[in-house]
Amino acid sequence: MKIGIIGAEGFIGGRYCKVLESHGYEIIAGDIRSWPDDNLDIRDKVQVLEWFENNNPEIIILTAAIIRQDDVYNNSADGMDTNVTGVINVLEACRDHGALLMFSSTVHVYEGISGKVDEIT
C-alpha cells in the first residue's frame, strides 16, 4: 500500500514515515522543505496535482501546516494560504485520485476549553 505523507519533514509527519515504513508500507514523502527531492508546496494546486499523478498514493496523511499561532496571526495571508487553501488543494487531489485522507490538526482548536476534550467538544 502506498501512503503519501505530506508534511513528512515535520515532527509528526517524520514519525509517521518511520513507523509506517518499519511496518512495510511504501512511503511517499512530500514536504516544502524537501528541496530538491520530493518538494511539495500544498499552496500550489498544480504542484499538488502533479505530485499525486506522479506518485499515485492510496492514502494521504496530511500534517503540513503553519502551526505556530504567532506565525499565523502575524502573517494571516500566509496562514490562510497554507492552512486553508493548501488543505483544499490536497482534499481536491484526494477526491480526484480516489485517495483516502487522514488529517491532523492542532490542540489550539480547543483553546479556552478546560476539562476533558473529545471530538464532540
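A polar contact is a pair of N or O atoms within 3.5 Å; within protein, one must be able to donate a hydrogen and the other to accept it, and residues adjacent in sequence count only if both atoms are side-chain atoms. In this predicted model, local features need pLDDT of at least 70 and side-chain atom pairs count only at pLDDT 80 or more, while totals for chains, interfaces and linings use all residues. Residues are numbered from 1 along each chain as its sequence is written, and side-chain values use heavy atoms, with hydrogens and water left out.

**Asn-89**
- The side chain of Asn-89 reaches the backbone oxygen of Ile-42 at 2.9 Å.
- Asn-89 belongs to helix H4, residues 76-97 (helices are DSSP runs of H or I with at least four residues, strands runs of E with at least two, numbered from the N terminus).
- Asn-89 is buried at 7% relative accessible area (buried means under 20%, exposed over 50%, partly exposed in between, with a 1.4 Å probe and protein chains only).

**Nonpolar cores**
- The largest nonpolar core has 15 residues, and Val-48, Trp-51 and Val-90 are among those with the most contacts inside it (such a core is a set of buried Ala, Val, Leu, Ile, Met, Phe, Trp, Tyr and Cys residues joined through side-chain atoms within 4.5 Å).
- Helix H2 (45-55), strand S3 (59-62) and H4 each supply at least two residues of this core, and H4 gives the most, with four.
- A second, separate core of seven residues includes Ile-5, Ala-8, Cys-17 and Ile-61.

**Cysteines**
- Cys-17 is buried at 13% relative accessible area, and Cys-94 is buried at 4%.
- The count of disulfides is zero, a disulfide being a pair of cysteine sulfur atoms within 2.5 Å.
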